[in-house]
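Visitor: I would like to learn how to read the features of a model like this one. Could we take them one at a time?

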Amino acid sequence: MDTLSVMEILKFPDPVLRKRAKEVEVVDDRIRELAGKMIKTLHAAPGVGLAAPQVGVSERLIVVDVSAGEDPDEILVMVNPEITYREGETGIEEGCLSVPDFTEKVTRSERVVVKGLDLEGRSITVEGEDLFAIVLQHEIDHLDGVLFFDHISKLKRSRYVAKRKKQLREESKQGGA
Ligand code: NI
């Protein structure tokens, strides 16, 4: 594993995760290099999707791999992705590489159509259903500063936020000891 390419994944409550990411203006080598590092970071985690704000880059770029590194053909990189159509309803227990120690069922659209650009700057349209559709929606949410727990009840969310704050306090105590 090329560990030099693995980036640090920001964790809630890092403020970058709550910002609306800006459009990528030019798909150039900088973006291609970032996408490559994001794929390595995703596979190292391991996870099924990663958005650029999660590695501290507030720009509209996502990588998705529902095979979690098993099948290179499953890797999708999208620049400036936008959901143009959604249909049906589904939901699974979701988690997030930026939200430690928490999963919860989230209701999502069952099928989506997403338009965006590939790494050559060409327009692409992707149709997704089931898990692939869920991951696309989850990652595109990240570009708008939305985390999966924003879709669950306020009570469950605030319980998690309180638990996370306590966890961070304990970590910082240990760090200072
Ligand atoms: Ni996530």
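Predicted model: local features only at pLDDT ≥ 70, side-chain atom pairs only at ≥ 80, totals over all residues.

Visitor: Let us begin with the metal. Which residues coordinate the nickel ion?

Guide: Ideal angles at a metal are 109.5 degrees for four tetrahedral donors and 90 or 180 degrees for six octahedral ones. Here the donors are Cys96 through SG, His138 through NE2 and His142 through NE2, at 2.1 to 2.3 Å from the nickel ion. Water is not among the atoms, so the site may look incomplete.

Visitor: What spacing do the donors follow along the chain?

Guide: The pattern is C-x41-H-x3-H. Histidine 138 and histidine 142 are both in helix α2 (residues 130-143), and because they are four residues apart there, about one helical turn separates them.

Visitor: Are histidine 138 and histidine 142 buried or exposed?

Guide: Histidine 138 is buried, and histidine 142 is buried as well.

Visitor: Which residues is methionine 38 in contact with, leaving aside its neighbours within four places in sequence?

Guide: Methionine 38 is in contact with Leu50, Ala51, Ala52, Val55, Leu61, Ile62 and Val63.

Visitor: How many aromatic pairs does the structure hold?

Guide: There are six aromatic pairs. A pair of aromatic rings is described by the distance of the centres and the angle of the planes. For phenylalanine 12 and tyrosine 160 the centres are 6.3 Å apart and the planes are at 40°, so this pair is tilted. Phenylalanine 12 is in the segment before α1, while tyrosine 160 is in helix α3 (residues 154-176), so the pair ties together parts 148 residues apart in sequence. Both phenylalanine 12 and tyrosine 160 are buried.

Visitor: What are the values for phenylalanine 102 and phenylalanine 148?

Guide: Their rings are 5.9 Å centre to centre with 25° between the planes, and the pair is stacked. Phenylalanine 102 belongs to strand β5 (residues 99-108) and phenylalanine 148 to the loop between α2 and α3, so parts 46 residues apart in sequence are tied together. Phenylalanine 102 and phenylalanine 148 are also buried. One aromatic cluster is formed by Phe12, Phe102, Phe148, Phe149 and Tyr160.

Visitor: Now a strand pair. How many bridges join strand β6 to strand β7?

Guide: In a regular strand the side chains alternate between the two faces of the sheet. Seven bridges join β6 (residues 111-117) to β7 (residues 123-129), and the two strands run antiparallel. Arginine 111 has glutamate 129 in β7 as its bridge partner. The two strands form a hairpin with five residues between them, and glycine 121 in the turn has a positive phi of about 80°.

Visitor: Last, a charged residue. Why does glutamate 104 count as buried?

Guide: Buried means under 20% relative accessible area. Glutamate 104 counts as buried because its relative accessibility is 18%. Glutamate 104 lies in strand β5, and its side chain makes a polar contact of 3.3 Å with that of lysine 156. Not counting residues up to four places away in sequence, glutamate 104 touches Ile92, Glu93, Glu94, Phe148, Ile152 and Lys156.

Conventions: Residues numbered from 1 in each chain as written. Heavy atoms only, no water. Donors = N, O, S within 2.8 Å, 3.2 Å for Na, K, Ca; no water. Buried < 20%, exposed > 50% of the residue type's maximum accessible area, 1.4 Å probe, protein only. Contact = heavy atoms within 4.5 Å. Phe/Tyr/Trp six-rings, centres within 6.5 Å; stacked < 30°, edge-to-face > 60°. Pairing = 2+ DSSP bridges. Polar contact = N/O pair within 3.5 Å; in protein donor to acceptor, adjacent residues only side chain to side chain.
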